[in-house]
Amino acid sequence: MARVLVNVPKTAKKGDVIDIKILISHPMESGQRRGDDGRVIPRKIINNFVCMLNGNEVLTLDLFPAIAANPFFAFSAVAEESGTLSMTWVDDDGTVQTQLADITVT
Amino acid sequence: MIRTALALLLLAGGAAAASPHSGYWDASKPIRAMQDDDAANPGFLWVQQGETIWQDAQVPSGQSCRSCHGDAASMRGVSARYPAFDAKLGRPLTLEQRIEQCRTERQRALASAPESDELLAITAFVGTQSRGLPVAVDTGGPAASSAAHGQALFTTRMGQLNLSCAECHDGLAGQHLAGALIPQGQPNGYPLYRLEWQSLGSLYRRLRNCLTGVRAEPFPPNSPDLVDLEFYLASRANGLPVETPAVRP
């Protein structure tokens, strides 16, 4: 399990713009580098990231090898309803990890 | 006239190098913003891991850091004093070495590999407790000879390029080496996240980089020479705020 830091406000007023930040520890190996033995280090990146609120899509990202290790995503959204934000990302090796954060909109 | 003014400016720059100046101010604005925002600072991935280690009971003693030290807030001010002179051993110990000593002698756990993620994480977690406090390393009394030895190493020319640390980081700090600004080399933010490393790294990793940079043989990890040098470097940063985990380019 990758280490993750999520920053989502716990409460927000309806109609407010909120900032969502997530930092994921990940090597983001580009597949372009060679190891000490001269062999290519296989590509291992997060290739897809989806943020959903109560089953509705907030943001989807397709990621490519130029992104540095330990990627940091920051985006904003308009607070419309309370619920659970789920952030899910897919690794090249097929690993899927999900991080949840609750938000109450008043 | 202009030339005199320039010379005066250079002199003023040289004089300013005498007072400690954190590498934070030499980093670009986006990097400073990254360090200032705990949600964006990748060093906090390790701090978070360190917080877990703090509470983990170690086999076989069943003791965690927390069992003796309680809340991590009790560690406030500790990293500002390190490396600190150990009277029993008669030499200074770095924070990593002190943590390892505690781990192997009191928790009776296996030693961590040097520069392992676990050791960096717990060091960063302990270090973060002192954020903002001024570095206050005591080089008085019995510690004086170690600090003097560290200073001697700092001013000794080494390697094929025949450079000493002091030559650039005391003498030419604030000026440029090709496109790169020469910082004073203050160690007030270690362990720190370096964008070039894409990872958290110890002061030893930084010094190893410097030494290979001047084509010298790096000191072995935890060697007395290395610790004396780290000890002197820390005392040179006395008064600067602890920034652990700092972010640098």
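Visitor: How many salt bridges are there between chain B and chain A?
Guide: Keep in mind that this is a predicted model, where local features need pLDDT of at least 70, side-chain atom pairs count only at pLDDT 80 or more, and totals for chains, interfaces and linings use all residues. A salt bridge here is a side-chain nitrogen of Lys or Arg within 4 Å of a carboxyl oxygen of Asp or Glu. B:Asp37 forms one with A:Lys21, their closest N and O atoms sitting 2.8 Å apart. The count between the chains is two.

Visitor: Which helix gives the largest share of the side of chain B that touches chain A?
Guide: Helices are DSSP runs of H or I with at least four residues, strands are runs of E with at least two, and both are numbered from the N terminus. Five residues of that side come from a stretch covering residues 43–55 of chain B, namely helix 3.

Visitor: What area is buried between chain B and chain A?
Guide: Buried area is the accessible area (1.4 Å probe) that two parts lose on being put together, summed over both. Carbon and sulfur atoms give 56% of the total, which is about 1,000 Å².

Visitor: How many strands does chain A have?
Guide: Residues are numbered from 1 along each chain as its sequence is written. Chain A has zero helices, and along the sequence its pattern reads β-β-β-β-β-β-β-β. The strand count is eight.

Notes
Chains are lettered from A and ligands numbered from 1 in the order in which they are written. Side-chain values use heavy atoms; hydrogens and water are left out.
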